[in-house]
Every structure is written in C-alpha cells, then in structure tokens.
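Biologist: Please take a close look at one chain of this model for me. I would like to know how it is built and how it meets its partner.

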Amino acid sequence: MEYLTVHSPILIVAIPLLAAFIIPLLSRLGSKVRDTFNVSLLGFVTFLVAILAIDIYANGARIYTLGASVPELARPEGYMVPVRIMFQVDGISIFMGLTITVVALAALVYSLQFVKNETGQDRFYSLFMLLYVGMIGLVFTGDMFNLFVFLEILSIAGAGLASYRVNLADAVEGGFKYIVISAVSALLVLFAIGILYGQYNLLSIAALANTMQFNTLDMIALAMLAIAFVMKLAGVPLHMWAPDTYAVAPAGITPMIYMSSAASMYALYRVTFTLYGGQFDTMPIGWVVIILGVLSMFIGVMMAIYQTDIKRLMAYHAISQSGYMLLGVGVGLAVLTDPVALANYGRDAMNGGIFHIINNALYKGMLFLTAEAIFFRIGTRDLNKMGGLAHNMKWTTIFFIIGALAISGIPPFNGFASKLLIYESVFRFNPLLSIIAMFVSLVTLASFTKVFYSAFTGPEMPAYREVREVPKSMIIGMGIMVACIIFFSIFPGLVVDTIVAPATDALIDQASYINGVMGAAP
Amino acid sequence: MSVLMYGYAVWSPIVWLVALLVLAAIALYVRSRGQKRYKKGTAQTDVFLSGIQVPPAEQRHIPAHNIYWGFFEALKGFYSTMMRPHTGIINDYMLWLVAIIALTVLILVLTS
C-alpha cells in the first residue's frame, strides 16, 4: 500500500494513458471485454485517487518527480531549482482530482449503453481516457510547461469527443469551435510561459512563484494566462462557444467537457494564487475575476431561461454556475493581502466557491445526463416537442427534480450549502454582489421549472406512449451522481471540513507550496 | 453528524429532511383517505374542462416558447441586445478574447 501511495500520482496519470492505447486492441476481443476493462480500470484509478487523497489530508502535499532517485526529491543534487517533470499534489489538486474522477466514472458507466449502437467505439473510449488523463495531469502538474501539455491533451481529446457524432452537422461545428478556442487559449498560455521562461529560466510553478518580480512583462503574462483560462472555462464574455459545444457532445462527454472547464478554473486559481499570489496587491485582479463571475452568473442565467433547446439551456446554466465559483474565489483573491478580511469572510467565500465546484460538477453533470436520456429515448432536444415524459421515465424525472432543486439552491440540497456560504461571505464584501447572486438563483429555479413543466409534466403524449425508461447502465451512471449529491446535501459541513477547507488552505498558503519544492532536501 | 453550522439551526439539512419526512407522511395519510373505488379508463378518470370538448394532449400542453411570455416581452430590448454578440461566428469570439486581454493588461498596468 505504501508503494501505491508513493507512486499514485504517476500511476493515476499513466494507467489511463496506457489504457487509451490498449483499448483499440482490446476492442478486437469484443465489446464486453473492452467495457469491463474500461470500468475496472477507472474503478482502480478511483481507488488510487482515494488513497492519494487520504495520504494528502493526513500528511500534506505530495511531490512526485519523474526520473529522480526518490520520487519526493524535487531538486537534483547540486541544483538550486527543480528541473525534472514534477507532480505536486496539494489540497486543491486532490480536490479537483476527486471531482474529476467521480464524474468520469459516472460518465463512463453512463456511456456504456449510450454509445452501444454507434460506430468507432474504440476511438470513443480511447479519447475518453485521454480526456481524463489531460484533466488529471493538469491538476496534478507542478510545472508550467506540463500544464500546457495536459491542457492540449484535454483540448484535443475533448474536441474529438464533442464531434463524435459526425453524422450531425452541429456536432462537427461544436467540435470545431471547441478546438479553435482551445488552440488559441493554449497558444496564449504557451506564449505567457515563454515570457516567464525567458525572464526567469524556470518552468516549475513553485520556483517561478519564489522568483516572481511582477514587472510589466509578468503582468502581460498574467493577463494572457488568466484570460486564456477564463475562455476555456467559458466565463462571460468569452462563453459563446460553450452552448454550441456542450449541446452537441454525446451524453457522457458533456459532463467531462464541463469538467475540463473546471480544470481550467483550477489552472486560473493556481496561476493567480500560487504563481503570482503575494507578489502584488491582489485587489485589481480579484475584482476582474469578480466582475467576470457576476457577468457569467447574470448573462448565463438570462440566456438560459430564454432557450428552448434543453442542452443549450443547461449549457448556459453551466456558464452561470461557473460565475458563482469565480465570485466566491474572486472575493478571496481580492482580500488575499488583507488578513483581517480574509479571516472574516475571504476564507468562507473561497470555501463556498470551491465547494460549488464539486457540487456543480455533480448536479450539472447529472442534469446533462438526464437531458441526454431524454434525447436517447425521443430523439429531440426541443422542449416545444416534449411533454408528459414523467409518465414513462420515472427515474429520469426523479433525478432531474433532485438536480434542478440542487442547482437552484433549494435546501436541503448541496447547492444550497455552497450558495449560502457564498451569499453570506460575499455580502460582507459587497452586498450588491450577493443580491445579484440570489437573483440569479431565483431565475435558475424559474428556468428549471420551465424545463420540468415542458418535458416531464402534462398529459402523456401519443407520440411518446411507447417511450420507456433508459437502460440500466445509464440509470446507474446518473445514480452515482445522485448518491453523491444526497450525501453532500446531508453532510455539507463534513465535506467542507474534509476536502474543501484543505483546498482553500492550499490556495491561500503560497509559502507552503513553494517550500514543498524549494525547501525539500535530498 | 456534522451539519453546516452558520448560527441558523433551521438551515440544518437534518432538520429539513425530518420536516420533509413529516410532510410526506402527512401527504400520504391524506392521500390514503381518498376515494379508492373508481374505474380507470372510464368517464370517472377523463379530463373535465367545464364541459367543453377536451382538446388532444398536444394542444393541452403549453409549449416551452410560450412559458414566461410576459417576462420575455417586457425584456425584449434586453434580449435583442444580448442576442447581437451571440453571432455563432468563431472569429467574433476571438475578437472578444483580444479585447478582454487588452483590457486586463490595461487594468493591471494602471493599478500597479
């Protein structure tokens, strides 16, 4: 177990990466062998993530250096700075790792039946594993260049999966838009890394943070990094690609692409808090993040309620919910250099924003799955053509109700817990922001009431009399997420204390991140 | 059991769950006291709309684009402004990106 714990950071990345290349070979043995292999493999990776999480919450951040005599050896002998490829997994990294892995497992189980009758399934699952690798690698990496590499991996895999249903013209368009914005974002990130490397001759995040001077070039690099990640996470006004891509991606892939946006949010936090944190007055960049968050919340929800395509509606809600995360963590960033404000409400705001990441991943992911469950059975995403589905799709209806109440912030669900944290802490920073956030929740509830009425309630439509519930694997996939939602709803304090607060501490405590690498002696 | 402590015990999820269970029990009890002896598929279970002929199911269900009509009508100006940037053209998205980066650099330089 000690061996697994020590090597878990690399195993979590390497195993799915190898699997991505083995899957086409395994497909020759039959779909059952391939599907069993996929689920078992991801189940094992989930186990590895769990033991890594237990280790990190007990012992602090873990470093894994590739090629070193001992994995924890950050700097080779005689070197003042780290030079090898390194994973540095702290509280926020493992928080994202847990979120990504749970969503990936649910999405994979869901996809088993969803793509069963499609062609090119071996490529689907290969790209799925690569998408997972990209996300996990991005949140685990300790150096900027590998952050770029994993960003590219998840972008390319995501674009391939978004346009998987090549027979649908809008799927190809959605995939095309995704790869263009991803490529441009990644190039901006690479350019910014080039600026930093050109000045400091360093790629390690900890080493760069230790040396950062925050001159004009560094400001330009910060702007490029921050805005590139804001575009990847679909923050307003750089959000317009998201409904086009989320709406057309296959069922299990939409939550995964949404998680890649969440991974980009992690990258934004890593850059602003860890790479640049403490070097400058964070109030201006904090307010930039807050304004982007408020715009995302408001415009996202107002566009969502207008939609009649169920997946586009949910995509706009995903944008809106990202705004809550940006708002909460933005407030924390704005008061980062004010210890009193940080202790009074900054930390709680960050707890709320980070808690909202995992909550939203669960209920938004599940809502996407319910939308695709409807599409799977009736072949349309148009709300105008739906009605009375609750008569025949009872499980989907129940899961939708739970997801809709959670996303609207209705107690006792988990969405309420994270939103309450955000409302109360942001109110103390600026009451107007909190009022806007509450208004957005109201409109969110109105929007999902519209969807519930249109799709599920009403008389049984003659066209849908023969519609049945979705296959078991799809119900299980949704069920995994619902189980997590219910657990988080009943024990929000436990979740905040166990996994959210360490993530907040990891972001705030830049010194600890730097010392973990620069102070690690052979 | 750990609950979200914010000084307001009424927000405790456990309290809400207990309240929901009590309400569900009351609802089930009231429902159980209802009339059980009726024949499904007869006039007893048909839709009654003040005696007028009941339209087919598709016409009874309000389509999604009609819901919140008043809200959208009142905010017509807002929505026409909102729709304009959402062109669907990727080139326009890139222009937004350049503009926001420039604005962010300006903000950072001016406030440093």
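Modeller: Of the 112 residues of chain B, 9% count as buried. Keep in mind that this is a predicted model.

Start with the build. Chain B has 5 helices and 0 strands. Read from the N terminus, its elements run α-α-α-α-α. The radius of gyration of chain B is 28 Å, while the globule rule gives 13 Å for 112 residues, so chain B is more spread out than a compact globule. Along the principal axes, the C-alpha atoms of chain B fill a box of roughly 75 × 50 × 25 Å.

Now the partner. In chain B, 38 residues are in contact with 52 residues of chain A. Which elements of chain B give two or more residues to this side? They are α1 (13-32), α2 (57-60), α4 (76-83) and α5 (90-111) of chain B. The most comes from α5(B), with 13 residues. Sorted by class, the side of chain B that touches chain A has 28 nonpolar, 8 polar and 2 charged residues.

Last, a look inside chain A. Two packed helices are described by the angle between their axes and the distance between the axes. Take helix α11 (residues 283-306) and helix α16 (residues 431-455) of chain A: their axes come within 9 Å and cross at roughly 25°. An angle under 35 degrees counts as roughly parallel, so α11(A) and α16(A) are roughly parallel to each other. Their crossing is left-handed. Among the residues making the contact are A:I290 and A:V294 of α11(A), and A:L433 and A:I436 of α16(A). By class, this contact of α11(A) with α16(A) has 14 nonpolar, 2 polar and 1 charged residues.

How values were computed: Residues numbered from 1 in each chain as written. Chains lettered and ligands numbered in written order. Predicted model: local features only at pLDDT ≥ 70, side-chain atom pairs only at ≥ 80, totals over all residues. Helix = DSSP H or I, 4+ residues; strand = E, 2+ residues; numbered from the N terminus. Rg over C-alpha atoms; globule rule 2.2 N^0.38 Å. Buried ≥ 20, exposed ≤ 12 C-beta atoms within 10 Å, placed from the backbone. Contact = placed C-beta atoms within 7 Å. Nonpolar A, V, L, I, M, F, W, Y, C, P; charged D, E, K, R; others polar. Axes fitted to C-alpha atoms, helices over the stretch in contact; angles between N-to-C directions. Parallel < 35°, antiparallel > 145°, perpendicular 65-115°, else oblique. Left-handed = near helix turned anticlockwise from the far one by under 90°.
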